Amino acid sequence: MPQFKSNHNIVYCCKYHVVWCTKYRRKVLTEKVDIRLKELLREIAQQINVEILEMEVGEENHVHLLLSLDPQFGVHRAVKRFKGATSRYLRLEFPWLKKRLPSLWTNSYFVSTSGGAPLAKIKEYIQNQKRSEK
């Protein structure tokens, strides 16, 4: 059963799979950077009221997150905060990153919604709404 959340005017259950890569897919998310990156992501998530359901760094060059967040906040705003803040702090704490990369992350990212009912069931439910009203 999905866990519904609410704010002042909506009830929601929105989960997103988000992936982004390092600039030039450089393998710079090594053990120490990886650990610090995860700590920073947890801190930022708490600040912006986003729940990280799962998180992992793949092949030392990309980040996978499964997020639950308020759709009014927007997944684009969450990703922007995650990428901006982690780039800034990691490059301050690990100066060698500045030498290897002009910026830590690429401008792009992947996002996909996840969870909920299969699309065929949702379509069927919507199609049946007119019949239910009679």
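Visitor: Where is Asp70 placed?
Guide: This is a predicted model. Leaving aside neighbours within four places in sequence, Asp70 is in contact with Asn7, Ile10 and Tyr12. Its place in the chain is the loop between β5 and α2.

Visitor: What is the nearest side chain of opposite charge to Asp70, and how many Å away is it?
Guide: Asp70 is buried and has no salt bridge. A salt bridge needs a side-chain nitrogen of Lys or Arg within 4 Å of a carboxyl oxygen. The nearest side chain of opposite charge is that of Arg77, at 8.7 Å.

Visitor: Which side chain makes a polar contact with the side chain of Asp70?
Guide: A polar atom of the Asp70 side chain lies 2.7 Å from the backbone nitrogen of Gln72. The side chain joined to that of Asp70 by a polar contact, at 2.7 Å, belongs to Asn7.

Visitor: Which residues touch the most other members of the largest nonpolar core?
Guide: The largest nonpolar core has 33 residues. The elements that give two or more residues to this core are β3 (15-21), α1 (31-47), β4 (51-58), β5 (62-68) and α2 (75-93). The members that touch the most others are Trp20, Val50 and Phe82.

Visitor: With which residues is Phe82 in contact, leaving aside its neighbours within four places in sequence?
Guide: Phe82 is one of the core residues that touch the most other members. Two other residues of that group, Trp20 and Val50, are among its contacts.

Visitor: Is Leu41 buried or exposed, and what is its relative accessible area?
Guide: Leu41 is placed in helix α1. Leaving aside neighbours within four places in sequence, Leu41 is in contact with Trp20, Ile52, Met55, Val63, Leu65, Phe82 and Thr86. Buried means under 20% relative accessible area. Leu41 is therefore buried, at 0%.

Visitor: How many Å apart in space are Leu41 and Pro95, C-alpha to C-alpha?
Guide: Leu41 lies in helix α1. In sequence, Leu41 and Pro95 are 54 residues apart. In space, C-alpha to C-alpha, the distance is 19 Å.

Visitor: Which cysteine sulfur is nearest to that of Cys14?
Guide: A search of the whole structure finds zero disulfides. Cys14 is in no disulfide, and its nearest cysteine sulfur is 6.9 Å away. The cut-off for a disulfide is 2.5 Å between the sulfur atoms. The nearest sulfur is that of Cys13.

Visitor: Why does Glu59 count as exposed?
Guide: Glu59 lies in the loop between β4 and β5, and its phi is near 50°, a positive value in a residue other than glycine. Exposed means over 50% relative accessible area. Glu59 counts as exposed because its relative accessibility is 53%.

Visitor: What is the relative accessible area of Glu60?
Guide: Glu60 is found in the loop between β4 and β5. Its phi is also positive, about 60°, although Glu60 is not a glycine. Glu60 is partly exposed, with a relative accessible area of 35%.

Visitor: How many residues apart in sequence are the parts that Lys5 and Glu51 tie together?
Guide: The structure holds seven salt bridges. In one of them the side chains of Lys5 and Glu51 meet, at 2.5 Å from N to O. Lys5 lies in strand β1 (residues 5-6) and Glu51 in strand β4, so the pair ties together parts whose separation in sequence is 46 residues.

Visitor: Which residues are linked with Arg36 in a network of salt bridges?
Guide: Arg36 forms a salt bridge with Glu39, the closest N and O atoms being 3.1 Å apart; both residues lie in helix α1, three residues apart. Arg36 also forms a salt bridge with Glu93, at 2.7 Å. That pair links distant parts of the chain, with Arg36 in helix α1 and Glu93 in helix α2, 57 residues apart. The residues linked with Arg36 in the network are Glu39, Glu43 and Glu93.

Key. Residues are numbered from 1 along each chain as its sequence is written. This is a predicted model: local features need pLDDT of at least 70, side-chain atom pairs count only at pLDDT 80 or more; totals for chains, interfaces and linings use all residues. Side-chain values use heavy atoms; hydrogens and water are left out. A nonpolar core is a set of buried Ala, Val, Leu, Ile, Met, Phe, Trp, Tyr and Cys residues joined through side-chain atoms within 4.5 Å. Buried means under 20% relative accessible area, exposed over 50%, partly exposed in between (1.4 Å probe, protein chains only). Helices (H or I, at least four residues) and strands (E, at least two) are DSSP runs, numbered from the N terminus. Contact means heavy atoms within 4.5 Å. Lys and Arg count as positive and Asp and Glu as negative; His and the chain ends are not counted. A polar contact is a pair of N or O atoms within 3.5 Å; within protein, one must be able to donate a hydrogen and the other to accept it, and residues adjacent in sequence count only if both atoms are side-chain atoms.
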